[in-house]
Amino acid sequence: MPEVKIENADCRTLMASLPDRHVHAIVTDPPYGISVAGADWDRTLPDRDIWDQCLRVLKPGGFAALCGHSTTFHRLACLLEAVGFEVRDFLFWVGTANAATTSIRLRNTYEPVILVRRPTEGLSAAAAQQVHGTGLRPRSEEVAIRNGFRPLVERLDHRVTAQVYGNQRVKAEIGITNSGRQAANMALDEAYAAEIERTVGAGSTRTLFVGKATPAERAQAGGHPTVKPLSLMRHIIGLMTPPGGLVLDPFCGSGSTAVACVQMGRDFIGCDRDPGYAEAARRRVADEIENPTFTPSDLTTVTHLHARQQTLDL
């Protein structure tokens, strides 16, 4: 069972207690600096000293994924670069818009996730992964697609996906009718993907699908205004950490990252200054441990694929 620690504390205090080179990855949804929903905690971007501490506690070669807002994520990326992180990429989560176009901005249809890395300190990426357990693990870089546009991203692990991709006989055996490659730095919600399929044509959205936070997830989040879907957090955690790795979330809010870590078998440490959100996060983790809602190894598709490997000449 993963170890989970959630504190009602300022992240500066929490990180000051952690040793250097301690965590495999940082996955967080920090304040955007836009006063979302009028929240006082979102009036400014986090200070530079917070990112200095994040860099210190991250293992060499370790990645940090930071959710952002379309109007301020560039400032956060520059700040991260200034303290010593390497900006490696941006993951764009594209979906149906909540707000209309106005006289001062276009209708927003994406949420950016900044991907930065602590330098490897002279090691190659492969060596850093071997020594420190850090670096990206694109477990679903190649995916199979069922029902026109719905991929089996979370039902295929890296051991079987590469063998399924492009193998018509194997796909026929397991009921997959089309194949496609996941766009590693883009994710679509299913409503948006369906609209693209309708207007452009079947098979045109061969990428990762991540829906918005479900009503159940929002209900458990204690009213947090920017709750992220567990499916998105699982994808990021699986991409950036080894099994059993340690994830830090210095702005854990209602605990989506923590719950996703439990689901993915990763240890977690995080905090939030709001006692209500910290308690909601602890409650969500306890509920997931007591009544699991997602266990990758239990998915029938993975079990079926491994069973087929025993009899098919791949």
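## Packing of helices 10 and 11

Helix 10, residues 256-264, packs against helix 11, residues 275-290, at an angle of about 20° and with 9 Å between the axes. Angles under 35 degrees count as roughly parallel, and the two helices are therefore roughly parallel to each other. The crossing of helix 10 past helix 11 is right-handed. These values come from a predicted model.

On the helix 10 side, the contact involves Ser256, Ala258, Val259, Val262 and Gln263; on the helix 11 side, Arg284, Val285, Glu288 and Ile289 take part. Sorted by class, the residues in this contact of helix 10 with helix 11 are five nonpolar, two polar and two charged.

## Cysteines

A search of the whole structure gives zero disulfides. A disulfide requires cysteine sulfur atoms within 2.5 Å. For Cys252 the closest cysteine sulfur belongs to Cys271, at 6.3 Å, which is too far for a bond.

## The chain as a whole

The chain contains twelve helices and twelve strands. Of its 314 residues, 50% are buried.

Among contacts in the chain with a separation of 6 or more, 72% are between residues 24 or more positions apart.

Notes: Residues numbered from 1 in each chain as written. Predicted model: local features only at pLDDT ≥ 70, side-chain atom pairs only at ≥ 80, totals over all residues. Heavy atoms only, no water. Axes fitted to C-alpha atoms, helices over the stretch in contact; angles between N-to-C directions. Helix = DSSP H or I, 4+ residues; strand = E, 2+ residues; numbered from the N terminus. Parallel < 35°, antiparallel > 145°, perpendicular 65-115°, else oblique. Left-handed = near helix turned anticlockwise from the far one by under 90°. Contact = heavy atoms within 4.5 Å. Nonpolar A, V, L, I, M, F, W, Y, C, P; charged D, E, K, R; others polar. Buried < 20%, exposed > 50% of the residue type's maximum accessible area, 1.4 Å probe, protein only.
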